[in-house]
Amino acid sequence: MTKKKIKNPYSYALVVPIGIIFFIFFLVPTFVSFFFSMTRWTLFDWEFVGFENFVQYFKEASLSIGFKNTLIYGVVTSGLKVVFGLALAILLTGRLRAKGFLRSVVYFPVLVSTIGVGFTFSVLLDPNYGAINRSIVAFGKSIGWETYGPGWLTDPNLLPLFSVALVDVWKGVGMATVIFMAGLATIPQEYYEALAVDGGGAWDKFRNITLPLVRPATAAVVILSFIGGLRSFDLIWAMTNGGPGFLSDVIASINYKQYQAGFYGLATAGNVILLLFVLIIIGPVYWFFNKKEKQS
Amino acid sequence: MKKMIKRGIALALPLSLVFGATVAAPSQAADTEITWLIDNGQSMQDVSKALVAAYEKANPGTKITLVLRPGGADGDNLVKTKLATGEMEDVFTYNSGSLFQALAPSKNLLELTNEPFMKNVLSSFNPVVSVGKKVYGIPFGTAVGGGILYNKKVYAKLKLKVPTTWAEFMANNKKIKAAGIDPVIQSYKDTWTSQLFVLADFYNVQAASPNFAADYTNNKEKYAKNKAALRGFEYIEELKKLNYYNRDYASTTYAQALDKVALGQGAHYPMATWAIPQIAAQQPASLEDVGFFAQPSSKASVNGVTVWVPSGTYIPANTKNAAAAKKFVGWMTSAKAVDVMNSVEGFAGGPYYIKGATIPNALPGAVKDLVKYFDKNATAPALEFVSPIKGPNLEKILIEVGLGITPAKKAAAAYDADVVKQAKQLGLKGW
Amino acid sequence: MKKFIRRYWIDFVAIPVGLFIFVAPFILIFVTASKNAKESFQFNFSLGEKFLLWDNIRTVLKTDDGVVIRAFINSTILTFFSVILIVVVSSMAAFVFARRPGKLTNVANIMVLAGLVVPPAVVPTIWVLQKLNLFKTMQGLILIEVAYSAAFAILIYRGFIASIPREIDEAAAMDGCTGFSLYRRIIFPLLMPVNVTIVVTTSVAVFNDFTNPLYFLPGNDNATVQLTLFYFQSAYLTQYNLLFTDILLITIPPLIVFIIFNKKIVAGLTAGSVKG
């Protein structure tokens, strides 16, 4: 039986370079980490301990707070990025005269160093000397209240985590805005014109045209920023070190601390736990958006 | 396909030009060059620079390059990673005691037991840099004491006496608070500073339970179980409940806290005397306003200071410059090197652990206060020098106590659990 | 006049609010970087007694035999070659994934997701690099950056390529233009708008990367700019002016990238929807 072989124009050879790089530098270490997560590893030496690291990890008093905080941080940052990103995108593709300028201003923080941003906001949010609390105190005085500003990064509750999340949104909303602007640009202008002929208002436009048609962009923003939020570490580390105490610790920072302490096996087990945690949360989100995308 | 390969080569060519061309630091021509890793604390830098200058002068043709590392947990990790990956400098200075034990010394470090210069070192230092009978390091600098730094002007103004018991201490605090001054300074922005009340209490713990260190190492004694050991946690809680901390203690830095105690904005700062050189740098005019006393105990008869044994200087096993490194390390045990260290103001703050070495007579007042305890022989090494176990999360757990998030007893139990990981990692028996 | 206000009121609200929220932190960086050590602890927006920015820059550049200058050179090399590799290898692969559904593409989709989700395993990666003699080399770090950034780049490229009508490359394939030459001649030129986005985002990500150089390219000679930030933060606890001067210096390259590409980032993305 002979079959005429037609060469597929989309040759798999094009995948080979990244395939090799990804395999060696990402997949191999990841798979190796599954093994080392079951060892007691000093970097100098290892000993197989089965699931002991995982058991130990779940006993860690600050771990439950890690799960909760990670989830809060992911939801808050991705949620706010969607809301503000879409609002800014609509504003900046609209009638605004200064849109070129504002686009630049909103996007620029995306480009600067996370550590630098963290240090800068730590100064702005300093409870005594920071500009934000000094404004609050000055304002309080002007209306006759003797008041202290909140301890944005030091209060013994969830405030520090939210403060960092807000800085994260500040830094990342420009990216969401750009993705939404690209999404908005793919909506044919005729749709709006047709709706205008039918007498639809601004709200109808948003609800019936913009929101459904911008869904691929929404999916990209939600998934990217959710993943980023769940794995987020740099900013939290630069601003609070997971503190005060363990109150703003997320799984990634807990893992890093195990690593710092030299518990390499335990830290690697933490990596595996974070991986599973993220997959459990992102899986359904990803599936949801994929399904909707296929339907539309 | 051919074309693709061609393009591949075209792309690879400029890459290969750049690869291998990492930019190197300019270096002076010298016969022998060795590198020395130190932490980036200011007084550490000052002393190291002085030592290097003196050594290079005495040994022309030798160049020593200082490499800085961060302190705290970041530094611990860096040192371990460097050793594990064979990237360690020729000589490095790092904590002795439990942190030293975590470096797997017998695998990673050069044994110095039989080096001729070891006879310069007091044998009482050796245990904190040894595994079994093998010695791996020499002492760097002097011992320091942990306790309470206090402002003498505040004490004079309110006519207070230096306390020896916790009850006296609290009575003082009450008066200080009434005078509108912060009784106790805490600086949780630099998390490590939260530990002093617990760590510096060890003299008192040991006085109450002489076998604590050994039992603790053998998993028989716990902070949550031992009443004397638990006191350190309770002190922090008690002060919080009475609102005795400076209002902004959650965001105060170590440097700010030193300013506060020097300027009398706060009366007490639990800290070790390694802070003295930094106070001398930050507030030279107020240096003599700062005094030191040992952490108060529950009994008047118990009054002594918890001591931090000096760091060690080590040589990694795989260095290519072993001979030059040994020569330099050996020189650091000499009387000449001690003179150089003494010439850096405020650096020497206790005994040297080097035979015949003495500290200068003109000492800052706080250091003189410390030396009195040494003269009375009322000292005990901190737990981390007599037990290999120190959990990594103590500083954070204590911050939770100080902020009122976790009660003392629960926090002590959490720390006991934290320690288990360390003990297992070290492969200790009975865990 | 009323008409004027009705037309432009959004501007009057949006411009000051935008400036306040997004520009003020940069002003703080600039102001703090031009103070002396003591003034820098005031944490406020007023300029110091003397304008010391140039002195501070000189101090920062001189620190430790010019570690900051070396770091800038290293970071430039790292960023330049990482980005070129990312653009080429990711767009090639994304092209195949967008056009050729099948088992491999399904696997690739999972890999892309894994690349985005899975936290890299640091120590095992050092172990791999050592086996390949790539540890502590610029090559090794470049390849790491490519491996870590590829997933995001492929995702963006794939989405963009999916919006390019298939008829274009089917017509070319009919004429015998396949594989690499199809990619190179037909698809790659169409990718220019999205290339700008990828170049900007990945160059910034690599330039701003701080953890990977710390672990995979240790040593003072190999320092990258983000590591100098780390260094300044711990070495100059009491000199915020120098820390912020370093932050300011590190913000300049992104600023240049931004000035060059600013218009193209959005304009390019939106132009991607060529109709028909």
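In chain C of this predicted model, 75% of the contacts with a separation of 6 or more are between residues 24 or more positions apart. The secondary structure of chain C consists of twelve helices and zero strands. Its C-alpha trace spans about 70 × 70 × 30 Å along the principal axes. Chain C has 276 residues, and 52% of them are buried.

**Confidence**

For the complex, the predictor gives an ipTM of 0.85 and a pTM of 0.83. Chain C has a mean pLDDT of 84, with 92% of its residues at 70 or more. Where pLDDT is low, predicted coordinates should not be read in detail.

**Chain A and its partners**

In the contact with chain C, 69 residues of chain A meet 71 residues of chain C. The elements of chain A that give two or more residues to this side are α1 (16-36), α4 (99-111), α5, α7 (159-185), α10 (215-231), α12 and α13 (264-295). Of these, α1(A) provides the largest share, 13 residues. By class, the side of chain A that touches chain C has 50 nonpolar, 13 polar and six charged residues.

The contact between chain A and chain B takes 25 residues from chain A and 27 residues from chain B. On the chain A side, α2 (52-59) and α12 (251-260) each supply at least two residues. The most comes from α12(A), with three residues. This side of chain A divides into eleven nonpolar, ten polar and four charged residues.

One residue of chain A has contacts in both of the other chains. A:Asp126 lies in the loop between α5 (114-124) and α6 (131-142) of chain A. Leaving aside neighbours within four places in sequence, A:Asp126 is in contact with B:Ser251 and C:Phe43. A:Asp126 counts as buried because it has 22 C-beta neighbours inside 10 Å, and the cut-off for a buried residue is 20 or more. Within chain A, A:Asp126 and A:Gly151 are 25 residues apart in sequence, and their C-alpha atoms are 7.5 Å apart in space.

**Strand β3 of chain B**

Strand β3 of chain B covers residues 91-94. B:Val91 and B:Thr93 point one way from the strand, while B:Phe92 and B:Tyr94 point the other way. All four of these residues are buried. In a regular strand the side chains alternate between the two faces of the sheet.

β3(B) is joined to two other strands of chain B. Strand β1 (residues 32-39) runs parallel to β3(B) and is joined to it by two bridges. Strand β12 (residues 311-314) runs antiparallel to β3(B), with three bridges between them.

| Helix | Residues | Length | Span, first to last C-alpha | Expected span |
|---|---|---|---|---|
| α7(B) | 166-178 | 13 residues | 18 Å | 18 Å |
| α4(C) | 103-117 | 15 residues | 21 Å | 21 Å |

In both cases the span is close to that expected at 1.5 Å a residue.

The buried residues of α7(B) include B:Phe169, B:Asn172, B:Asn173 and B:Ile176. Seen down the helix axis, the buried residues of α7(B) fall within an arc of 105 degrees, so they line one face of the helix. They pack against α6 (152-157), β8 (182-184) and β9 (266-272) of chain B. The face of α7(B) turned away from the buried side carries the exposed residues B:Ala167 and B:Ala178. After the helix comes B:Gly180, which has a positive phi, near 85 degrees.

In α4(C), the buried residues are C:Ala108, C:Met111, C:Val112, C:Gly115, C:Leu116 and C:Val117.

Conventions. Residues numbered from 1 in each chain as written. Chains lettered and ligands numbered in written order. Predicted model: local features only at pLDDT ≥ 70, side-chain atom pairs only at ≥ 80, totals over all residues. Contact = placed C-beta atoms within 7 Å. Helix = DSSP H or I, 4+ residues; strand = E, 2+ residues; numbered from the N terminus. Nonpolar A, V, L, I, M, F, W, Y, C, P; charged D, E, K, R; others polar. Buried ≥ 20, exposed ≤ 12 C-beta atoms within 10 Å, placed from the backbone. Pairing = 2+ DSSP bridges. Expected span 1.5 Å × (residues − 1). Arc of directions from axis to C-beta. pLDDT = per-residue confidence, 0-100.
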